[in-house]
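Reader: Hi, I'm new to this one. Can you walk me through it?
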Amino acid sequence: MERKAKEGKLQELLASAREEYTSRRYTDAVKRLHAAAEIDPAHPEVQKLLHEATTRQEEERRRILIDQMVGEIQESIYREDYERALNQINRALEKLPTEASLLRLKSETEKKNRDFQARQIVQTTLQQAQKVFAEAPLDAIALIDHALEQVPGDENLVQFKSMLEFQLRQIKKEELQAQYLKRAHSAIDSGDFDEAIRTLESGLIECGETQELTSLLDFVRQEQQTHLRQRQTSAVREEAQTLMRNGQYEAAVQKLEPAVAATNDAGLKAILDEARRTLREAAQRVESVTARTRALAETDLRGALQLLDSQPQEIQALSQIAALRQELARKIEVESAIQNAVARSDEALAKNDLHGGMDALESVRRAYGESPVLMQAIAAYESKRRPAANALFATAIEGARKALLRNEATAALEELRRPANALEFADAQVQADWKRLVEEATKAAGVKSRTGTDSLPIIVQAKPRTGLYVAIGLVAAAVIAGVLFLVLRPGAPAQPPTYMQLNGTPWATISRVIDPTGKSVPLPAGDQSTPMRLDGLEPGSYKVVFQGPDNSQQTQNCVLSAEQHLCTVTFTQPDIQQLIGGQQ
């Protein structure tokens, strides 16, 4: 019975302990479990529950203690008394060194303490910097920099420093702008508007666009334009008055019109009206002078020019009269050139230089172009040149016939050679007679016929070797000079077509002529022996293929220009005795 009573008591205590444990009344649960352990110390459930209850009791006491300490610490933190809070945490950790919540709270409190100290540094620094900036802006920025060393990257410090630096730049800019404005005003006072504009433009670059600088710059530019117009107006007025004093009213009007249109200056307009009035008054006289001068120029160019020169200065200064005078002067110049050319052509004709006479007239054509007077002079020269050429060939033909009658074929060829260069100027019948006699004299002299052509030879009298070399050297020098002239002269204008005179020594036949573009130049039909003249050729370098008495060929590079017409070649001189004996 006693055993059953103890067992019942044990179960009653155990049930009550379980209820207290479940209700988290761990102290009461421990009391009942101790009572149960006295009944049965070895009861496993009692021992297990006692251990758990004891552990939970200890944890509960610890939690209460921690909550109590944390409450006191939070109160210190709330008052921002971080030093006291940290001291409290450290004391608590001495009792509970492994308590995670205390360790976490310590870390958080230390961070809050650092943040609090940083805020204190920032607030104090901002207040100090604000006080000293007005007197010492650089010292204020130095305070901010020192604080940033303690609190790196603080947003308030960085923003405040930027604001102070901006204000400092503005102060410096205002000081610099004041200097530019002062210098610009000094330049304006001295009338140096260019210097004032340069100063203000530099100020705009350095200080940026400000109302003070831009408004003053606009004012200076307006003043500059005003002074410039005044100077220009004054200069135009003085120049126009000078022109009018010299009688150059037309030039004065041309000077005044654009100035009046640009400035609408009343003084200039009055001078312009005066110049126009004077021009209108002179118009009738100009018309009369022009009519009388042109009428006189029909018969007496120099007299017409003298008439213009006798007019008053204001009449001569007019553009119509100046143009008429220039026209008369050119006509006189051309007339004089034609007269000189006619004289030179007559002189050349008297010397039987039939080419030189035409060259003199052609030089006038090249210099001044075509004119009726020049065409008449050329026609007159040609009408005199043909009889002169006929007379030369008549003399040569007569001498050749007499030589042939004496059986002196070589002498006959020599007679026929002398006028050969002028063959193109003789009548067709005279040319035919001359060529026939050349053929007869050649046959009589025993010259072998040249194969492949029916051209007639021109015998040139054999000369000593020294003279031949000199002639070749002169021709070569002329060719080289012509090439250098064409190549080296800068920007030469296009030259008019000219002619080429082809000659061979002792004689030659023209096989081919190649122009500067590589094309063949058409040769005259029929007789292609030298001398030959090709007209209408462009100046430049030509290649001419000559065929000599022995049927050998030579190619000559000949430069053709307005001054250079001759292209010659020299073949081996035939031996006169062999020629007479029929061996050549």
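Reader: Let me start at a single spot. Which residue in β6 is the bridge partner of Leu502?
Author: Cys567 is the bridge partner of Leu502 in β6. Keep in mind that this is a predicted model.

Reader: Noted. How many bridges join β1 to β6, and are the strands parallel or antiparallel?
Author: 5 bridges join them, and the two strands run parallel. Strand β1 covers residues 498-505.

Reader: What order do the strands have in that sheet?
Author: The order is β3-β1-β6. It is an open sheet of 3 strands, and the pairing is mixed.

Reader: Which strands stand at the edges?
Author: β3 (532-537) and β6 (566-570) do. Each has a single partner strand, so one side of each is left without a neighbour in the sheet.

Reader: How are neighbouring strands turned there?
Author: By 20° against each other on average, direction ignored.

Reader: What holds strands together in general?
Author: Strands of a sheet pair through backbone hydrogen bonds, either parallel or antiparallel.

Reader: Let's go to β4. Which strands are in the sheet with β4, and in what order?
Author: The order is β2-β4-β5. This is an open sheet of 3 strands with antiparallel pairing. β2 and β5 are the edge strands, each pairing on one side only. On average, neighbouring strands here are turned by 25° against each other, direction ignored.

Reader: How many bridges join β2 to β4?
Author: 5 bridges, with the strands antiparallel. β2 spans residues 509-514. Across that pairing, Val513 stands opposite Val544 in β4.

Reader: And how many join β4 to β5?
Author: 8 bridges, again with the strands antiparallel. β5 runs over residues 553-560. Val545 stands opposite Thr555 in β5. Gln547 has Gln553 as its bridge partner in β5.

Reader: What do β4 and β5 form, and how many residues lie between them?
Author: They form a hairpin, with 5 residues between them. Asn551 sits in the turn and has a positive phi of about 70°.

Reader: Why is β4 largely enclosed?
Author: Because 6 of its 8 residues are buried, strand β4 (residues 540-547) is largely enclosed by the rest of the structure.

Reader: Switching to helices. How do you describe two packed ones?
Author: By the angle between their axes and the distance between the axes.

Reader: OK, at what angle do α6 and α7 pack?
Author: About 160°, with their axes 10 Å apart. That makes α6 roughly antiparallel to α7. The crossing is left-handed. α6 is residues 137-150, and α7 is residues 155-189.

Reader: Which residues make that contact?
Author: On the α6 side they include Leu138, Ile141, Ile144 and Leu148. On the α7 side, Leu157, Phe160, Leu164 and Leu168 are among them. By class, the contact has 12 nonpolar, no polar and 3 charged residues.

Reader: Take Leu164. Buried or exposed?
Author: Leu164 counts as buried, at 2% relative accessibility. It lies in helix α7.

Reader: What is Leu164 in contact with?
Author: Ala129, Phe133, Ala140, Ile141 and Ile144, leaving aside neighbours within four places in sequence. Leu164 and Ile141 are 23 residues apart in sequence, yet 7.0 Å apart in space, C-alpha to C-alpha.

Reader: How do α7 and α9 cross?
Author: At roughly 15°, with the axes coming within 11 Å. They are therefore roughly parallel to each other, and the crossing is left-handed. From α7, the contact includes Leu181, Ala184 and Ile188. From α9 (residues 211-245), Leu213, Leu216 and Val220 are among the residues. The contact divides into 6 nonpolar, 2 polar and 1 charged.

Reader: New spot: Ser345. Where is its place?
Author: In helix α14, residues 319-350. Ser345 is buried, with a relative accessible area of 2%. Not counting residues up to four places away in sequence, Ser345 touches Gly357, Ala360, Leu361 and Tyr381.

Reader: Last, the whole chain. How many helices and strands?
Author: The protein chain has 20 helices and 6 strands. Of its 584 residues, 37% count as buried. Among contacts between residues at least 6 apart in sequence, 60% join residues at least 24 apart.

Note on methods: Residues numbered from 1 in each chain as written. Predicted model: local features only at pLDDT ≥ 70, side-chain atom pairs only at ≥ 80, totals over all residues. Heavy atoms only, no water. Buried < 20%, exposed > 50% of the residue type's maximum accessible area, 1.4 Å probe, protein only. Helix = DSSP H or I, 4+ residues; strand = E, 2+ residues; numbered from the N terminus. Pairing = 2+ DSSP bridges. Axes fitted to C-alpha atoms, helices over the stretch in contact; angles between N-to-C directions. Parallel < 35°, antiparallel > 145°, perpendicular 65-115°, else oblique. Left-handed = near helix turned anticlockwise from the far one by under 90°. Contact = heavy atoms within 4.5 Å. Nonpolar A, V, L, I, M, F, W, Y, C, P; charged D, E, K, R; others polar.
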